[in-house]
Amino acid sequence: LEFVAVGWAALVLALFAVLFLVGRAPYRMELVLPHRRAVVGEPARGAVTVDNSGGRRMLGTVMEVPVGESIVELALPGLRRSTAHTQDFGIPTDRRGVIAVGPVRTVRGDPLGLVRRELSWTDRLELVVHPRTVSVPSTSTGLIRDLEGAPTRDLTASDVSFHALREYQSGDDRRYIHWKSTAKTGTYMVRQFEQTRRSHLVVSLSLATHDFASEAEFELAVSVAGSLGVRAIRDGRTVSVVVSAITPEFAKQRVYAVRPLATHLPDRLLDDLAVVQASVDALPMRDMARIVADGTPGISVAFLVCGSRTSAQELRAAASSFPPDVEVVAVACDPEAVPGMRRLAGINVLTIGYLEELRLALARSAAVA
């Protein structure tokens, strides 16, 4: 008899609990993200607007909003008919990446907590959290520049950057004869020019854990690459930003390649940088430099962004992959080192511990150049 009584009591409680789940509230909900992009460490907000389109008053309930891997609970008060309520919530931006927000769902259940019903009301949205960047002087990313681009050390018979006068030789274009000097010397003299080219800036960011001693170093390197790339895009320069290719786990051989990032808009570049991650299977800086030098024509300035574990020998080997007329600058991210600039064989090495030091370091290197 005791078991029968317990069974009937359980059945009554189950039926009582199910009554709380019957029906669907006539809500209309909208999930809004005022800004689809944010920066690491800066506040970001979302909002849920609930409209009671029914003809009767609705009781309060609990809304759940998935934000990344966590759940934000919002208490929805009772709403009279034809009224709306907006409630905002914070989105954590302590790490860069893509944060999935939503869908918003309501939770209904009985007072005893025996049953639970979840209803989804909106679509899922995404918030892209960009790495921090710093504004660097517009002339620093070029290091050397002129009217059309960067002057090289190569001499040519025709261009816009005048270099010197020399004696006429067979085959020279007579249009460039300097008649005043010819009259003074009695010998045909022609103008000689420095060959110019459009400045092509390359920013190479290593994703190999071999090049970084900590996660903080890698995050600083991502911010450095973003700062350089954004400045070059806004200046209208020809710029390429590349990262290490990552060898898949199932691959039998290592992948020797680099992956280009979007550089037609600053936001698109930062979107791509928001999702890059360090990997033990990524190419180190030394191999990256060789691939970039062989596959990118017309480079004038190359920035190699790495961490403290990249040795001076590896940096020299990376710089040797580029032609002699390419200005190679390595940016070593090391929060524990003394910031400064030093010259190795064929390469300038800027050591920075904080992102704000990048501006001063580039200004000094541009002055030296």
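The sulfur of Cys-306 lies 7.1 Å from the closest cysteine sulfur, that of Cys-333, which is too far for a bond, and the count of disulfides (a disulfide being a pair of cysteine sulfur atoms within 2.5 Å) comes to zero. This is a predicted model, in which local features need pLDDT of at least 70 and side-chain atom pairs count only at pLDDT 80 or more, while totals for chains, interfaces and linings use all residues. Residues are numbered from 1 along each chain as its sequence is written, and side-chain values use heavy atoms, with hydrogens and water left out.

**Cysteines**
- Cys-306 counts as buried because its relative accessibility is 0%, where buried means under 20% relative accessible area, exposed over 50% and partly exposed in between, with a 1.4 Å probe and protein chains only.
- Cys-333 is likewise buried, at 0% relative accessibility.

**Helix packing**
- Helix α5 (residues 285–295) packs against helix α6 (residues 312–319) at an angle of about 5°, with the axes 8 Å apart, so that α5 is roughly parallel to α6.
- Axes here are lines fitted to C-alpha atoms, for helices over the stretch in contact, with angles running from 0 to 180 degrees between N-to-C directions; angles under 35 degrees count as roughly parallel, over 145 as roughly antiparallel, 65 to 115 as roughly perpendicular and the rest as oblique.
- Met-285, Arg-286 and Ala-289 in α5 meet Glu-314, Ala-317 and Ala-318 in α6, contact meaning heavy atoms within 4.5 Å.
- The residues of this contact divide into four nonpolar, no polar and two charged.

- Helices (H or I, at least four residues) and strands (E, at least two) are DSSP runs, numbered from the N terminus.
- Two residues lie between the strands of this hairpin, and Gly-346 in the turn has a positive phi of about 80°.
- Thr-351 in β20 stands opposite Gly-340, and Thr-351 counts as buried at 11% relative accessibility.
- Beyond its neighbours within four places in sequence, Thr-351 is in contact with residues including Ala-332, Asp-334, Val-338 and Arg-342.

**Backbone geometry in loops**
- Most residues other than glycine have a negative phi, and most peptide bonds are trans.
- Ser-82, in the loop between β5 (70–76) and β6 (83–91), has a positive phi near 60° and is exposed, with a relative accessible area of 62%.
- The peptide bond from Gly-102 to Pro-103 is cis, with omega near 0°, and Pro-103 is found in the loop between β7 (97–101) and β8 (105–109).

Notes:
Nonpolar A, V, L, I, M, F, W, Y, C, P; charged D, E, K, R; others polar. Pairing = 2+ DSSP bridges.
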